[in-house]
Amino acid sequence: MASPAPSADPTANRNPLTALTLDELRQRTSVKWRAHPSDVLPLWVAEQDVPLAAPVADALRRAIDLGDTGYPHGTAYAEALGAFAARRWGWHDFRVDHTTVVPDVMMGVVEVLRLVTDPGDAVVVCPPVYPPFYAFVSHAGRRVIEAPLGPDLRLDLAALDDAFHRARAAGRRPAFLLCNPHNPTGVVHRRDELEAVAELADRHGLRVISDEIHAPLVLPGARFTPYLTVPGAEYAFALTSASKAWNLAGLKAALAVAGPWAAADLDRMPEEVGHGPSHLGVIAHTAAFHAGEQWLDLLLDGLDANRTLLETLVARHLPAVGYHRPEGTYLAWLDCTRLGIATDVPADEPGVVSDLAGPARMFLDQARVALSSGHVFGTGGTGFVRLNFATSPAILTDAVTRMGRAVDALPSSAG
Ligand SMILES: Cc1ncc(COP(=O)(O)O)c(C=O)c1O
């Protein structure tokens with residue numbers, strides 16, 4: 001059968017964030033669009049309001065046309081990531097033979113934890129951080145120890161030193177789960193910061209697992225450093241996938257990558273873990289890394305414009321809310337503590353991603369805008385909301401305008 005001609009892509013050379021109308025988006029059945037009633041603008045869970053990149057859609061369409069829907073095989077995904085990593089980040093010693101396909105990033109984190117830590121051992125995380133870091137680590141029988149970010153929202157090396165010390169004392173084989181770039185703050189860790197992390201981890205004997213799912217989403221002005229390219233990271237692992245950048249969360253497949261001295265550990269990954277990723281997922285993620293860069297660059301331009309638009313909108317409609325311009329991701333971490341909104345849950349209780357309290361509850365009830373509630377991101381999260389700006393400028397403008405009106409209507413508003 002001849003390969004089908006690539007589809008004519010009406011959105012080629014256009015900002016993918018402006019390609020779909022609200023009516024089209026509301027036809028989606030994923031959690032972002034179905035968890036709330038249709039009068040709510042959903043800017044919460046990390047899905048993007050974009051159409052599929054044409055090379056990804058074409059690869060999937062070809063698989064469907066061929067009935068190529070069996071089990072995955074081979075190393076094409078890792079090869080595509082390796083080539084992308086070399087082009088984009090100058091990671092030239094990426095080793096395909098030091099990778100393994102896992103169902104998704106979080107399952108990969110758990111499986112790597114099972115390889116290098118024991119039940120009851122400590123896993124250090126830097127809150128505020130992606131809430132499943134708590135849930136998956138605890139569910140795997142490991143204990144979370146927090147090393148909060150500093151007031152500038154960057155890694156706090158003194159806090160890490162202290163937490164690594166406590167983690168070491170708490171069990172035989174501790175680990176550090178790094179979020180690189182960081183969700184929810186959008187901070188992109190600098191090379192010197194990562195070098196300091198590697199030195200500390202080595203000194204205290206912690207294995208580092210770097211979640212790099214947001215790595216392709218670094219915006220102009222910042223540069224992504226793959227943790228495994230840092231001296232001292234030879235015993236570390238990275239987990240990555242095309243899922244966040246190309247909006248492929250529904251097509252499961254991710255990669256675990258081992259540093260040179262961790263490859264023997266990765267070889268111990270049980271064979272059954274490789275049964276989790278789907279063949280269509282592998283096809284989609286491979287196409288994204290292999291041929292999705294032009295689309296990605298258009299997306300990054302759109303996200304860069306949106307982070308500036310958001311800054312303007314917050315200043316105009318939410319002057320009492322703090323906006324820390326993200327360096328990467330499509331997530332904005334908004335400080336609503338000066339709005340004086342009471343929280344009805346224990347402070348900083350890491351929890352379920354969809355839990356709502358304080359400002360996020362108020363914005364849902366009063367503005368009909370769904371955001372992620374800060375308290376589920378651990379220490380330092382209460383009073384904050386996370387806003388997903390991977391949407392059209394029109395939806396972003398409508399949402400922040402509504403939020404501003406809701407704050408203005410608060411009984412004794414600080415805004
Ligand atoms: C930092 C981080 N890690 C992991 C994930 C989830 O990835 P996956 O669906 O591949 O487990 C997300 C999703 O938003 C994330 O932000």
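A: The account below begins with the ligand and then turns to the pockets, the cavities and some backbone features.

This is a predicted model, in which local features need pLDDT of at least 70 and side-chain atom pairs count only at pLDDT 80 or more, while totals for chains, interfaces and linings use all residues. Residues are numbered from 1 along each chain as its sequence is written, and side-chain values use heavy atoms, with hydrogens and water left out.

The ligand is surrounded by A46, D104, V105, M106, Y130, C179, N183, D211, I213, H214 and K244; a residue is near a molecule if one of its heavy atoms lies within 4 Å of it. This shell divides into six nonpolar, two polar and three charged residues, where Ala, Val, Leu, Ile, Met, Phe, Trp, Tyr, Cys and Pro count as nonpolar, Asp, Glu, Lys and Arg as charged, and the others, Gly among them, as polar. A polar backbone atom of V105 lies 2.8 Å from an oxygen atom of the ligand. An N or O atom in the side chain of K244 is 3.2 Å from a ligand oxygen atom, and a polar side-chain atom of D104 is 3.4 Å from an oxygen atom of the ligand. Of the 390 Å² of accessible area that the ligand has on its own, the protein covers 92% (Shrake-Rupley method, 1.4 Å probe).

The ligand sits in the largest pocket, in the sense that more than half of its atoms lie within 2 Å of the grid points of that pocket. On a 1 Å grid over the protein atoms alone, a pocket is an open set of points with protein on both sides within 12 Å along at least five of seven lines, a cavity is a set where a 1.4 Å probe fits but cannot get out, and lining residues have an atom within 4 Å of a point. The volume of the largest pocket is about 550 Å³, a volume being the space filled by probe spheres set on the points, which are joined across faces, edges and corners. Its lining numbers 27 residues, of which Y130, I213, S243, K244 and A249 are the closest to its centre. Two or more lining residues come from each of α5 (105-116) and α6 (132-139); helices (H or I, at least four residues) and strands (E, at least two) are DSSP runs, numbered from the N terminus.

The second largest pocket has a volume of about 370 Å³. Among its 20 lining residues, G74, T99, T100, V101 and G274 are the closest to the centre, and strand β2 (residues 99-102) gives the most, with three residues.

There are also two cavities of 30 Å³ or more. The largest cavity, of about 40 Å³, has 11 lining residues, and T343, A357, S373, H375 and G383 lie nearest its centre. The second largest cavity holds about 30 Å³ of space, and its lining includes C179, a residue that also belongs to the ligand shell. Strand β5 (residues 175-179) supplies the largest share of this lining, four residues.

Finally, the peptide bond from N180 to P181 is cis, with omega about -5°, and P181 is in the loop between β5 and α8 (191-204).

How values were computed:
Polar contact = N/O pair within 3.5 Å; in protein donor to acceptor, adjacent residues only side chain to side chain.
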